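Q: Please take a close look at the helices of this model. How long are they, and how do they pack against one another?

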Amino acid sequence: MPADPAPAAACVRSLPVTAHRAGATAAAPDWVAEEVPVALVCNGISHAVMMASPADLEDFALGFGLTEDLLASPAELYGVEVVPCGNGVELRMEVAAACEWRLRQRRRTLAGRTGCGLCGIESLAQVRRTLPPVPPVRLPLAALARAQRELQLLQAVQRLAGASHAAAWCDAQGAVQLMREDVGRHNALDKLVGAMVRAGVDAGAGFVCVTSRASFEMVQKTALAGVGALAAVSAPTALAVDSARACGLALAGRVRGDDFVAYTHPERFGLDAAG
């Protein structure tokens, strides 16, 4: 799938810089990633403000709503209006009455730094949620290398400006079917989840590949999306491994070329657990 240039254009800006390379100093323009406050407002109730890349925001609203337990199902989101406001953007979400009631009960106010997964959590009980069992997808040994290779080719913002993460949904052979970028790793995954729901993909038939570490929040979001495997460029945390094991998620980290480490369910990545 070719990269869509439109989101990349919205997420970068050319700025004058002074670069020092190979002993020489020169002034030149350079691409810099955009980062803006994005407020999620549900039926007029301000719920969260996240720092994010200003693209694919309808996907972000839907994915964030689902992975943060604001929406019990996609059907509870009736519509999203993207409204530029001052120095940021408001996502004005029209939601079902049941969703609004849950929001009023929780009254969680989130001020999210870029890539922050737990800002605004009011109690420790909200941190670890009970995750549903995930489908036991099985992948050929070469699938992760293919996914990483294709994902790198599709990262238009990262190529231009750096400072961007990506999340992709890949089929069981490792071919990237959907991809989203953002300055925040959680945001990129939320955007991907929203895009998957909108596209009507069978989430259990493939896996998610991300360009970040596999924190336990990334495991939670992947499991809540109904995906059975997560592959990350960097390593997971111990809590991420525990969470993946609890819900049956196949978790791989340190995916670099043909090399990777399976932290749970090595057989589902085509490995013999005994070596």
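A: In this predicted model, helix H4 covers residues 143-154, and at 1.5 Å a residue its twelve residues should span 16 Å. The end C-alpha atoms of H4 are 17 Å apart, which agrees with that expectation. Several residues of H4 are buried, among them Ala-143, Leu-144, Ala-145 and Ala-147. The buried residues of H4 also include Gln-148, Glu-150, Leu-151 and Leu-154.

The packing of helices may be considered next. Two packed helices are described by the angle between their axes and by the distance between those axes. Helix H6 (residues 185-199) packs with helix H7 (residues 216-224) at an angle of about 5 degrees, and their axes are 11 Å apart. H6 and H7 are therefore roughly parallel to each other, since an angle under 35 degrees counts as such. On the H6 side, Arg-185, His-186, Leu-189 and Asp-190 take part in the contact, and they meet Glu-217, Met-218, Lys-221 and Thr-222 of H7. The residues of this contact comprise four charged, two polar and two nonpolar ones.

H7 also packs with helix H8 (residues 238-247), at an angle of about 20 degrees and with the axes 8 Å apart. That angle makes H7 roughly parallel to H8. Here Phe-216, Val-219 and Ala-223 of H7 meet Leu-239, Ala-240, Ser-243, Ala-244 and Cys-247 of H8. By class, the contact of H7 with H8 has seven nonpolar residues, one polar residue and no charged residues. In summary, H7 has a contact with H6 that includes four charged residues, whereas the contact of H7 with H8 has none.

Key:
Residues are numbered from 1 along each chain as its sequence is written. This is a predicted model: local features need pLDDT of at least 70, side-chain atom pairs count only at pLDDT 80 or more; totals for chains, interfaces and linings use all residues. Side-chain values use heavy atoms; hydrogens and water are left out. Axes are lines fitted to C-alpha atoms, for helices over the stretch in contact, and angles run from 0 to 180 degrees between N-to-C directions. Helices (H or I, at least four residues) and strands (E, at least two) are DSSP runs, numbered from the N terminus. Angles under 35 degrees count as roughly parallel, over 145 as roughly antiparallel, 65 to 115 as roughly perpendicular and the rest as oblique. Contact means heavy atoms within 4.5 Å. Ala, Val, Leu, Ile, Met, Phe, Trp, Tyr, Cys and Pro count as nonpolar, Asp, Glu, Lys and Arg as charged, and the others, Gly among them, as polar. The expected span of a helix is 1.5 Å times one less than its number of residues. Buried means under 20% relative accessible area, exposed over 50%, partly exposed in between (1.4 Å probe, protein chains only).
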